[in-house]
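Open the model in your viewer and keep the sequence beside it. This tour goes from one selection to the next.

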Amino acid sequence: MEVKIKFNIGDTIYFMYDNKVCNSSVRSVSVWIGKESTDIKYYVDRDKGRIPITEDESYATKEELIASL
């Protein structure tokens with residue numbers, strides 16, 4: 001099985017946090033593979049530490065994020 005992710009460690013991603021558009025560098029990646037689903041999370045640094053952002057909630061540009069709303 002091969003798992004492909006949208007972003008790598010060090011890439012900047014855009015996401016919503018506290019109802020605001022934010023961006024941060026990916027610090028780590030978590031991949032969980034189950035029988036019927038796969039879960040990919042990118043961890044970024046925020047005010048209170050490292051938080052997870054799912055792959056579905058992460059975007060390469062601010063414009064992509066805004067268009068998804």
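Which side chains meet in a salt bridge at 3.7 Å, N to O? Select Asp-39 and Lys-41: their side chains make that contact. A salt bridge here is a side-chain nitrogen of Lys or Arg within 4 Å of a carboxyl oxygen of Asp or Glu. Asp-39 counts as partly exposed, because its relative accessibility is 29%. Lys-41 is also partly exposed, at 27%. The classes work like this: buried means under 20% relative accessible area, exposed means over 50%, and partly exposed lies in between (1.4 Å probe, protein chains only).

Before moving on, know what is on screen. This is a predicted model, where local features need pLDDT of at least 70 and side-chain atom pairs count only at pLDDT 80 or more, while totals for chains, interfaces and linings use all residues. Residues are numbered from 1 along each chain as its sequence is written, and side-chain values use heavy atoms, with hydrogens and water left out.

How many salt bridges does the structure hold? There are four. Select Arg-27 and Asp-45 next. Their side chains form a salt bridge at 3.0 Å, N to O. This pair links distant parts of the chain, 18 residues apart: Arg-27 is in the loop between β2 (20-25) and β3 (28-33), and Asp-45 is in strand β4 (residues 38-46). Strands (E, at least two residues) and helices (H or I, at least four) are DSSP runs, numbered from the N terminus. Arg-27 is partly exposed, with 44% relative accessibility. Asp-45 is partly exposed too, at 30%.

Arg-27, Asp-45 and Arg-50 are linked in a network of salt bridges.

Go to Lys-4 and Glu-2. They form a salt bridge, with the closest N and O atoms 3.9 Å apart. Are these two residues buried or exposed? Both Lys-4 and Glu-2 are exposed.

**A nonpolar patch**

Select Met-1, Val-3, Ile-5, Val-31 and Ile-33, and show the surface. Together they make a nonpolar surface patch of about 460 Å². Patches are made of residues with over 30% relative accessible area and no salt bridge; like charges are joined within 9 Å, and nonpolar side chains (Val, Leu, Ile, Met, Phe, Trp, Tyr) within 5 Å. Accessible areas come from the Shrake-Rupley method with a 1.4 Å probe, and for residues only the protein chains shown count as cover. Within the patch, pick Ile-5. Ile-5 sits in the segment before β1 (12-17). Its relative accessible area is 32%, so Ile-5 is partly exposed.

**Rings**

Next, look for aromatic pairs. The structure holds one. Select Phe-7 and Tyr-42: their ring centres are 5.5 Å apart and their planes meet at 75 degrees, so the pair is edge-to-face. Rings of Phe, Tyr and Trp (its six-membered ring) pair if their centres lie within 6.5 Å; planes under 30 degrees apart count as stacked, over 60 as edge-to-face and the rest as tilted. Because Phe-7 lies in the segment before β1 and Tyr-42 in strand β4, the pair ties together parts that are 35 residues apart in sequence. Phe-7 is buried, at 7% relative accessible area. Tyr-42 is buried as well, at 0%.

The charged end of Lys-6 sits over the Tyr-59 ring, 5.6 Å from its centre. The rule needs NZ of Lys or CZ of Arg within 6 Å of the ring centre and within 35 degrees of the ring normal.

**A loop with positive phi**

Most residues other than glycine have a negative phi. Now select Asp-18 and Asn-19. Phi of Asp-18 is near 55 degrees, a positive value. Asn-19 has a positive phi of about 60 degrees, although it is not a glycine. Asp-18 lies in the loop between β1 and β2, and Asn-19 is found in that loop too. Asp-18 is exposed, at 57% relative accessibility. Asn-19 is exposed, at 78%.

**Last stop**

Where is Ser-58? Look in the loop between β5 (49-54) and α1 (62-68). Ser-58 is buried, with a relative accessible area of 0%. Its side chain reaches the backbone oxygen of Glu-55 at 3.0 Å.

Thr-12 is partly exposed, at 37% relative accessibility. The C-alpha atoms of Thr-12 and Ser-58 are separated by 9.7 Å, and the two residues are 46 apart along the chain.

Key: A polar contact is a pair of N or O atoms within 3.5 Å; within protein, one must be able to donate a hydrogen and the other to accept it, and residues adjacent in sequence count only if both atoms are side-chain atoms.
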